[in-house]
Amino acid sequence: QVQLVESGGGLVQAGESLRLSCAATASSLPMGWFRQAPGKEREFQAAINWNGADTHYADSVKGRFTISRDNAKNAAYLQMNSLKPEDTAVYYCAAGGYFSTSYYPGYWGRGTQVTVSS
């Protein structure tokens with residue numbers, strides 16, 4: 001069983017930045033970020049393959065969000081710039097599973113709240 005712990009969420013104003021971190025108990029797994037806003041389904045944001053050579057992004061965050069990883073620390077990150085109120089959601093780290101043109105993770109963290117005020 002892989003444990004994932006997110007950190008870095010918080011309250012920011014529109015246009016500001018946040019960096020989310022995810023600490024994993026396993027290494028060399030594909031990892032990703034999803035988010036869930038109130039009343040909406042969980043949606044994919046970004047994913048990265050085991051060595052960082054391949055990344056995918058949701059269209060809504062391309063150019064604003066950047067996913068990265070540090071395998072020496074078993075960690076993944078989501079740098080979020082130019083945040084908008086519609087980015088407000090609980091952000092979940094994910095790991096393992098199937099990574100190709102799409103990403104279907106096998107493990108989930110508990111989430112971290114990101115709130116963007118206008």
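Is Arg64 buried or exposed? Arg64 is buried, with a relative accessible area of 11%. The legends below describe close-up views of a predicted model.

View 1. Arg64 sits in the loop that runs between strand 6 (55-57) and strand 7. Its relative accessible area of 11% places Arg64 among buried residues, because the limit for that class is under 20%. Two polar contacts of the Arg64 side chain are shown. One joins the side chain of Arg64 to the side chain of Asp87, at 2.8 Å. In the other, a polar atom of the Arg64 side chain lies 3.0 Å from the backbone oxygen of Ser82. Leaving out residues up to four places away in sequence, Arg64 touches Gln79, Met80, Asn81, Ser82, Leu83, Lys84 and Asp87.

**View 2. The disulfide between Cys22 and Cys93.** A search of the whole structure finds 1 disulfide. The sulfur atoms of Cys22 and Cys93 are 2.0 Å apart. The torsion about their S-S bond is about -80 degrees, so the disulfide is left-handed. Cys22 belongs to strand 3 (residues 18-24) and Cys93 to strand 9 (residues 89-95), so the pair ties together parts that are 71 residues apart in sequence. Both partners are buried: Cys22 has a relative accessible area of 1%, and Cys93 has one of 0%.

View 3. Strand 1 pairs with strand 3 in the antiparallel sense over 4 bridges. Leu4 stands opposite Ala24 in strand 3.

**View 4. Ala76 and its contacts.** Ala76 is a residue of strand 8. Ala76 is buried, with a relative accessible area of 0%. Beyond residues up to four places away in sequence, Ala76 touches Leu20, Ser21, Cys22, Met31, Trp33, Ser68 and Arg69. Cys22, one of these residues, is also a partner in the disulfide with Cys93. Met31 is another residue that Ala76 touches; the C-alpha atoms of Ala76 and Met31 are separated by 7.0 Å, although the two residues are 45 residues apart along the chain.

**View 5. Strand 13 and its pairing partners.** Strand 13 (residues 112-117) has a covered face made of Thr112, Val114 and Val116. Its uncovered face consists of Gln113, Thr115 and Ser117. In a regular strand the side chains alternate between the two faces of the sheet. Strand 2 (residues 10-13) and strand 13 run parallel and are joined by 4 bridges. The bridge partner of Gln13 in strand 13 is Ser117. Strand 9 pairs with strand 13 in the antiparallel sense, over 3 bridges. Here the bridge partner of Ala89 is Val114, a residue of the covered face.

**View 6. The nonpolar cores.** The largest nonpolar core has 26 residues. Leu4, Met31, Trp33, Leu78, Met80 and Tyr91 are the residues with the most contacts inside it. Strand 3, strand 4, strand 5 (43-48), strand 7, strand 8, strand 9 and strand 13 each give two or more residues to this core. Another core, of 5 residues, lies apart from it and includes Phe34, Ala47, Phe99 and Tyr103. In soluble globular proteins, nonpolar side chains tend to be buried together. Met80, leaving aside its neighbours within four places in sequence, is in contact with Glu16, Ser17, Leu18, Leu20, Arg64, Phe65, Tyr91 and Val114. Among these contacts, Arg64 is the loop residue of View 1, and Val114 is on the covered face of strand 13.

**View 7. Positive phi at Ser28 and Asn74.** Ser28 has a positive phi of about 60 degrees although it is not a glycine. Ser28 lies in the loop that links strand 3 and strand 4 (31-36). With 37% relative accessibility, Ser28 is partly exposed. Asn74, also not a glycine, has a positive phi of about 50 degrees. The loop between strand 7 and strand 8 (75-80) contains Asn74. Asn74 is partly exposed, at 23% relative accessibility.

Notes
Residues are numbered from 1 along each chain as its sequence is written. This is a predicted model: local features need pLDDT of at least 70, side-chain atom pairs count only at pLDDT 80 or more; totals for chains, interfaces and linings use all residues. Side-chain values use heavy atoms; hydrogens and water are left out. A disulfide is a pair of cysteine sulfur atoms within 2.5 Å. Buried means under 20% relative accessible area, exposed over 50%, partly exposed in between (1.4 Å probe, protein chains only). Two strands pair if DSSP finds at least two bridges between them. A polar contact is a pair of N or O atoms within 3.5 Å; within protein, one must be able to donate a hydrogen and the other to accept it, and residues adjacent in sequence count only if both atoms are side-chain atoms. Contact means heavy atoms within 4.5 Å. A nonpolar core is a set of buried Ala, Val, Leu, Ile, Met, Phe, Trp, Tyr and Cys residues joined through side-chain atoms within 4.5 Å.
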